[in-house]
Amino acid sequence: MKNAENTDMRHTDAVCVNEEQVKHPWWDNLKYLIVGIVFGITFVKAEIVSWFRIQEMFQLTSFHMYGVIGTAVVVGAISIQIIKRFNIKTLYGEEIVINKKEFNKGQIYGGLMFGIGWAITGACPGPLFAHIGAGFTVIGVTFLSAVAGTWVYGYLRDKLPH
Amino acid sequence: MLELIQQPWPWYVAGIFIGLTVPTLLIVGNKSFGISSNLRHICAACIPGNVKFFQYDWKKEIWNWFFAAGIVLGGFIAMNFLANPDAIQVADATKSNLREAGVTDFTNLLPADIFSWDSLLSLRGFFFMIVGGFLVGFGTRYAGGCTSGHAIMGLSTLQWPSLVATICFMIGGFVSAWFIVPFLLGL
């Protein structure tokens with residue numbers, strides 16, 4: 001396992017960067033669709049995408065969300081340790097790459113802004129997708145507004161403290 | 001079996017599934033778990049303008065859209081084929097807090113009195129659906145990730161900047177849930 005260096009604009013502040021070198025036909029991406037489906041079902045079935053769950057979390061009236069995120073972090077961390085320890089490769093034999101996150105003040109300012117929006121909408125970006133699929137069509141507007149927010153951030157980026 | 005799936009899933013089941021997404025994406029294609037970057041890729045593909053932040057090869061990130069499309073489909077499947085017949089679970093204390101603030105619908109994932117086409121153009125709806133969404137989009141990109149990228153992927157890989165981001169998400173959320181949301185509900 002190696003840590004990727006930031007080399008181009010695509011890496012700036014992105015968390016999900018494709019480090020794969022193998023060329024695939026488009027339908028190879030269907031495997032991500034399948035992972036997404038399982039993920040989306042989990043979101044709805046555990047009621048993680050419930051606006052009320054998010055209120056409970058921040059009002060400290062339920063353990064549910066802390067349990068979900070805590071378990072996910074522990075399972076994720078153990079998995080990463082196993083990958084490191086046994087030097088597990090991708091299905092195509094490539095070395096697994098973890099992007100190193102650089103600290104900048106955006107994590108504070110942006111984090112606070114996202115936190116405020118999270119409690120208002122009851123959703124982070126993932127649940128917005130699940131809401132739309134679950135039939136809450138009006139959340140399509142919230143989604144477009146989130147795209148607009150991302151665009152305005154990109155536009156103002158050089159003027160913002162980082 | 002189907003009956004078991006239809007019940008609301010406990011937190012540890014959800015946590016295990018979500019946690020396993022991290023190694024799954026790494027092993028099937030060296031992808032770091034993250035969702036909010038999708039929004040950036042949409043900007044880069046559709047409305048890059050002259051903004052340097054959106055000038056990159058977004059085609060390399062198409063996998064992320066497939067993942068997001070899967071979440072939409074998963075939401076559809078869960079709601080239409082695996083739905084729980086009962087009302088969703090809400091803690092009593094939160095129920096009474098919200099009832100005091102004016103929420104009346106506690107049956108579904110989103111309260112219909114706030115999130116609906118009818119209320120979209122009311123002042124309250126505007127803040128909950130449009131301003132809220134804007135803050136999510138702006139804030140996640142400014143922070144460089146959301147709950148998946150920072151709180152789950154970042155903490156799983158023991159990166160301290162993600163811990164800072166996660167703590168800030170929580171501080172923002174507490175302030176919002178205690179002071180801003182009750183105010184907005186009263187609009």
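Arg53(A) is buried, at 4% relative accessibility. Buried here means under 20% relative accessible area, exposed means over 50%, and partly exposed lies in between (1.4 Å probe, protein chains only). The model is predicted: local features need pLDDT of at least 70, side-chain atom pairs count only at pLDDT 80 or more, and totals for chains, interfaces and linings use all residues. Residues are numbered from 1 along each chain as its sequence is written, chains are lettered from A and ligands numbered from 1 in the order in which they are written, and side-chain values use heavy atoms, with hydrogens and water left out.

**Salt bridges**

Arg53(A) belongs to a network of salt bridges that also links Glu47(A) and Glu56(A). A salt bridge is a side-chain nitrogen of Lys or Arg within 4 Å of a carboxyl oxygen of Asp or Glu. Over all chains, the whole structure holds 3 salt bridges. The table gives their partners and distances.

| Salt bridge | N to O distance |
|---|---|
| Asp28(A) and Lys31(A) | 2.8 Å |
| Glu47(A) and Arg53(A) | 3.7 Å |
| Arg53(A) and Glu56(A) | 3.0 Å |

Arg53(A) and Glu56(A) share helix H2 of chain A, where they sit 3 residues apart, about one turn of the helix. Helices (H or I, at least four residues) and strands (E, at least two) are DSSP runs, numbered from the N terminus. Both Arg53(A) and Glu56(A) are buried. Glu47(A) counts as buried too, because its relative accessibility is 4%. Lys31(A) is buried at 16% relative accessibility.

**The interface of chain A and chain B**

The size of an interface is often given as the accessible area lost when the parts come together. Chain A and chain B bury about 11,400 Å² between them, with 75% of it on carbon and sulfur atoms. Buried area is the accessible area (1.4 Å probe) that two parts lose on being put together, summed over both. How many salt bridges cross the interface of chain A and chain B? The rule finds 0 there. Polar contacts do occur: 32 residue pairs are counted between chain A and chain B, both residues at pLDDT 80 or more. A polar contact is a pair of N or O atoms within 3.5 Å; within protein, one must be able to donate a hydrogen and the other to accept it, and residues adjacent in sequence count only if both atoms are side-chain atoms.

Several elements of chain A give two or more residues to the side that touches chain B, among them helix H1 (30-45), helix H3 (64-85), strand S2 (97-99) and helix H6 (139-156). That side of chain A divides into 71 nonpolar, 37 polar and 16 charged residues. Ala, Val, Leu, Ile, Met, Phe, Trp, Tyr, Cys and Pro count as nonpolar, Asp, Glu, Lys and Arg as charged, and the others, Gly among them, as polar. In contact terms, 124 residues of chain A meet 138 residues of chain B. Contact means heavy atoms within 4.5 Å.

**Two buried residues of chain B**

Ala165(B) lies in helix H8 (residues 160-185) of chain B. Ala165(B) counts as buried because its relative accessibility is 0%. Beyond residues up to four places away in sequence, Ala165(B) touches Gln107(A), Gly111(A) and His150(B). Gly145(B) is 20 residues away along the chain, and its C-alpha atom is 8.4 Å from that of Ala165(B).

Thr140(B) sits in helix H6 (residues 123-143) of chain B. Thr140(B) is buried, with a relative accessible area of 0%. A polar atom of the Thr140(B) side chain lies 3.3 Å from the backbone oxygen of Gly137(B). Leaving aside neighbours within four places in sequence, Thr140(B) contacts residues including Phe114(A), Pro125(A), Ser36(B) and Gly145(B).

**The domains of chain B**

The domain assignment, which comes from an automatic or database source, gives chain B domain 1 (1-83) and domain 2 (88-187). Their contact takes 14 residues from domain 1 of chain B and 12 residues from domain 2 of chain B. The two domains of chain B bury about 960 Å² between them, 73% of it on carbon and sulfur atoms. On the side of domain 1 of chain B, Val22(B), Phe33(B) and Ser36(B) lose the most area to domain 2 of chain B, together 43% of what that side buries. Between the two domains of chain B there are 0 salt bridges.
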